[in-house]
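Hi,

Here is the structure I promised to pass on to you.

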Amino acid sequence: MAAEKRKVLIIDDMQINRKMLHAILASEYEVLEADDGDTGLETLRALKETISLIILDLVMPRMNGYKFLELKQKDPEIMNVPVLVMTADSSVASESRCLQLGALDFLVKPYNGTIILQRARNIIGLRENTALRNTLERDSLTGLYNREAFMQRATEFLHGYEGKKACWVLVGNLEKFKVVNAVYGHQKGDELLQYIAECFRQVQQQEGFTGLCARMAGDNYACCCAASSEANLVAVTKKMIDRIQAYPIHLHLTFQVGVYKVESLELPVNAMYDLASLALQEIKGKYGRDISIYDEKMRDAFVHEQELAEEMLPALKNEEFKVYYQGKYNLTSGELIGAEALSRWQHPKYGLLTPNKFIQTMEKNGIISMLDFYVAEHACRDLRRWIEEGHESFPVSVNISRIDVYNLDLVQRLQDLMHKYDLPLQLLELEFTETAYTQDSNQMVQMANALKAAGFNLAMDDFGSGYSSLNLLGDVPFDVVKLDMHFLKISQKERQREMLSFAVDLVKRMGITLLAEGIETEEEAAFLRSMGCNQGQGYYFAKPLERSSFEQLFTDKRHLQVAQQNSTTFANITMEAIYNPNSSFNLLFNAYVGALGIFEIKGKSVSAVRCNDMFLKLYKKYIDKDGQYFKEDFISFILPEDRPLLFKAIDELMEKNGEVNLDVRVKSKFQKDLVRWVHIKAKMLYHDAGNIMFLGSFDDITDNKNRELELRSREEQFIVAVQNARNVIMRYDPLSNTIEIYGSHAFANNYTRLEIHDAIDELVRFHRWNEKAYAQWQAFFKQIHSGGESGQKMFAFVDNLDKQTFYDATFQNQYDTEHKLVKTLCVFKDVTESKEKELSLLTASRREALTGLLNRHAFEEGVNNMLEHKDLEHFDYAFGMLDMDDFKSINDEKGHFFGDEVLVRVAEILSRCFRSHDLVARMGGDEFAFFVALPKNTAAMANLEKRVRNAFMHQGQEDDIKAAIECSIGISHFTGSETFDDLYTQADKAMYNKKNDKE
């Protein structure tokens with residue numbers, strides 16, 4: 001088949017001229033004709049992509065050749081079609097004007113056929129070569145040079161300016177471009193990339209500035225340019241950045257540029273590009289800095305980083321990384337209650353390196369997970385040794401990096417590690433930071449909850465350092481929150497005090513332990529105690545220490561003495577400090593989250609000197625109308641029958657010169673029926689011959705008191721009523737760690753009272769319950785102590801005869817004035833019969849009767865659920881089908897009972913091939929299916945079929961069933977859009993192709 005001829009368009013008003021040109025060109029080209037400029041322009045626009053050359057006459061009616069060229073140049077879609085001008089006007093001015101308007105060649109009549117034909121060949125060939133080169137050199141989306149062309153063209157550009165002008169290589173990209181695609185879609189993202197490219201093109205048009213630009217990949221751009229000065233370069237670049245960041249979109253765009261000044265052409269352009277990229281990395285994440293110019297310090301830092309990166313894996317193998325421990329302390333008693341395991345690198349050349357020198361590099365190289373597990377292993381090893389040496393055990397926390405949350409084996413590896421060293425899971429506390437949440441919140445939350453479900457304690461590091469802290473608290477059941485150290489800088493600004501009060505109160509209300517890190521001074525420790533934070537770590541107590549030095553703290557009492565010395569927050573206060581608004585006492589007094597008042601005692605009267613803001617909020621209905629603090633004697637506000645309690649407390653306070661507690665009822669002067677119970681904790685501040693002052697903290701305990709009285713009056717009646725309903729009642733006293741049980745079944749024989757001390761351990765030991773029951777009791781008592789007023793939990797107990805009993809337990813807590821748990825009442829209802837029915841129905845509805853595998857419906861539901869929550873960035877997904885070869889003959893020859901045994905064996909082998917969260921099902925007959933998600937870039941997916949086949953080949957000792965098992969396997973891979981039916985069909989087809997190949 002002959003190749004299609006190229007098209008040539010002749011535009012001439014003289015028919016004879018068109019006929020002559022047609023005769024010359026027709027042998028090689030398909031010739032189109034137009035008798036004026038208007039018709040020619042219409043034809044060109046209609047056939048723009050197929051016309052290879054225009055032969056244009058200049059002198060025509062209506063639209064002459066000059067006007068045609070002018071209009072053509074303004075239309076981007078046709079401006080590049082080449083034009084050969086033919087005219088009788090041989091003047092230089094006419095030729096020059098045509099060339100300025102975009103004509104490529106100019107011929108004077110009369111026609112010479114040979115010359116015209118050769119000129120046409122040359123122009124068309126040149127145009128096609130240029131188009132091909134542009135196609136190869138240009139980025140298809142933006143029209144800028146691509147990476148390969150940029151490297152070549154920039155080299156030519158720099159040689160052209162050598163010795164004439166200062167030259168530069170610029171590298172720029174957009175911060176978090178993925179967010180644009182995620183929020184607005186890829187079409188909007190492409191429009192933004194084209195807009196950035198246009199901004200780069202406009203740079204080339206700036207005065208004193210010439211260059212060439214490229215889109216290297218994604219949102220990465222480059223420019224090689226010559227500028228009159230560095231100031232000119234920075235000014236033009238800044239103008240370009242401002243224009244990019246002004247793009248009309250409801251996101252704050254940040255575009256940053258790294259710059260390298262060309263010093264020598266001996267350095268290749270790709271190396272210059274890398275150095276400009278290094279300058280760009282210097283300002284990544286540093287908002288407020290748009291431009292970074294490379295200097296040698298950056299190169300030295302880069303070389304040093306690369307040197308360390310190459311040495312990290314060998315250093316881990318050689319155990320150059322050392323585990324240091326920083327103690328965690330009870331801020332009241334000074335007791336060592338835990339530790340954080342930290343890494344240090346004992347480098348043979350650079351000495352001891354702290355984490356800020358190598359952690360970021362490890363994260364870039366993806367080996368941070370190896371360090372995390374290395375630290376965890378050493379921490380467990382040391383914990384086991386300390387326990388064997390007789391030291392009291394305490395939890396050690398280790399970091400979980402944002403890379404770890406993608407490790408599907410993390411839970412199992414950590415469980416195996418704790419089993420290896422025979423340690424309770426609670427002794428290894430896992431610390432998460434906000435960066436893991438902001439990078440992939442779903443994955444982080446799933447992993448954290450999986451670790452929590454497995455039994456590990458979780459800690460949130462750097463609370464308050466970022467905007468996601470509150471979201472993270474809501475999504476993950478943390479046991480400990482570590483208050484970020486910047487909160488500890490005590491300030492007199494009211495907003496900062498309110499923010500700190502809110503953070504502390506929020507965490508305490510959620511029943512989470514609060515630990516402050518970065519405590520450096522005695523004042524900070526005292527301040528935190530006054531806020532209700534009872535745990536802390538920092539240089540005030542101890543810096544991070546290597547193991548042997550840290551072990552000395554087990555018996556070193558210095559920290560205990562220091563803490564005890566300051567445990568009375570407001571001790572030894574002078575009159576000057578009380579009245580000095582800038583004293584540390586007043587900073588603590590004003591920032592305290594509760595109601596505080598300073599009172600003066602004169603004889604038998606008590607008057608308020610100062611009260612903080614919280615006191616006014618709580619008791620404004622009681623104070624004098626003009627806003628003064630209790631102008632009258634404070635005692636007059638207390639009910640007469642409770643006043644002796646106050647007098648007794650005052651005498652005791654003066655006698656002991658210490659601290660007293662009491663509960664009294666306070667009445668309002670203005671609302672006679674307004675009476676509230678108040679718990680007062682009084683601490684002596686100042687005592688001399690003329691002045692006696694004490695500090696009082698006030699808590700409204702009316703609700704608690706009323707609830708206590710109500711519970712007391714109804715408790716016995718309640719117990720009798722529940723006993724008659726044949727339920728079990730438990731009364732728990734946390735102060736003595738004692739429980740009283742009334743009931744039968746798994747708890748006690750008949751309806752009797754059973755009193756047990758050391759509640760959890762002794763109760764479990766008394767009934768010889770198994771480990772699962774023990775874990776349930778631990779979780780239940782932890783729930784009781786979590787801070788809520790009531791709760792519920794399901795129990796499953798197994799007795800020595802393997803009989804399982806289910807209880808639905810509900811509890812109600814009672815607290816004292818300081819919100820300390822004083823009593824818990826629990827009711828256990830036997831729901832075994834209904835629970836067994838529920839479990840039986842649930843299992844029957846999802847499991848296939850013969851093999852116990854998922855049935856087809858449950859399998860399809862599970863696959864669709866995994867596809868709905870797919871993560872194609874980190875995982876590959878595979879759907880497998882497995883079918884017995886000639887299973888019918890097995891049933892025919894050996895009977896259906898034997899065939900069923902074969903199917904059960906196949907199910908057992910197939911189940912062992914996969915993890916517990918993979919999906920394995922019997923679809924029907926001798927057909928099985930599986931669906932798995934495996935990490936990307938590993939050999940696991942490629943070897944999946946081989947792994948399954950090997951499992952059947954090495955299934956154990958020879959027997960008749962093994963001999964009968966021959967299977968065909970087919971696997972389909974999820975690429976992003978397939979449905980369950982698509983994957984099933986593809987895998988089924990692949991399986992039958994394998995079966996046919998065998999035949």
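Below is what turned up in it, starting with the sheets and ending with the cores.

Please keep in mind that this is a predicted model.

Five strands make up an open sheet with parallel pairing, in the order 2-1-3-4-5. Strand 2 (30-34) and strand 5 (105-108) are at its edges with a single partner strand each, so one side of each has no neighbour in the sheet. On average, neighbouring strands here are turned by 20 degrees against each other, direction ignored.

**The antiparallel sheet and its helices**

Another open sheet has four strands in the order 33-34-32-35, and there the pairing is antiparallel. Its edge strands are strand 33 (919-924) and strand 35 (967-973), each pairing on one side only. Strand 32 (residues 875-884) and strand 34 (residues 927-935) are paired in the antiparallel sense over nine bridges; in strand 34, Phe931 is the bridge partner of Phe879.

Which helices lie across these strands? Helix 30 (residues 856-868) lies across strand 32, strand 33 and strand 34, and runs at about 140 degrees to strand 33. Helix 35 (residues 980-998) lies across strand 32, strand 33, strand 34 and strand 35, at about 140 degrees to strand 35.

**A helix pair**

Helix 7 (residues 177-184) packs with helix 8 (residues 186-203) at an angle of about 140 degrees, the axes being 7 Å apart. That angle makes helix 7 oblique to helix 8. On the helix 7 side, the contact is made by Phe177, Val180, Asn181 and Tyr184, and on the helix 8 side by His186, Lys188, Gly189, Leu192 and Leu193. Sorted by type, the residues of this contact are five nonpolar, three polar and one charged.

**The nonpolar cores**

The largest nonpolar core has 75 residues, and Leu430, Phe432, Leu451 and Phe550 have the most contacts inside it. Helix 13 (residues 368-388) supplies the largest share of this core, 10 residues. Apart from it lies another core of 32 residues, and Phe177, Leu192, Ile244 and Tyr247 are among them.

What does Phe432 touch, leaving out residues up to four places away in sequence? Its contacts are Ile400, Val405, Met444, Ala448, Leu451, Leu458, Ala459, Met460, Asp461 and Phe478.

Terms used. Residues numbered from 1 in each chain as written. Predicted model: local features only at pLDDT ≥ 70, side-chain atom pairs only at ≥ 80, totals over all residues. Heavy atoms only, no water. Axes fitted to C-alpha atoms, helices over the stretch in contact; angles between N-to-C directions. Helix = DSSP H or I, 4+ residues; strand = E, 2+ residues; numbered from the N terminus. Parallel < 35°, antiparallel > 145°, perpendicular 65-115°, else oblique. Contact = heavy atoms within 4.5 Å. Nonpolar A, V, L, I, M, F, W, Y, C, P; charged D, E, K, R; others polar. Core = buried A, V, L, I, M, F, W, Y, C linked by side-chain atoms within 4.5 Å. Buried < 20%, exposed > 50% of the residue type's maximum accessible area, 1.4 Å probe, protein only. Pairing = 2+ DSSP bridges.
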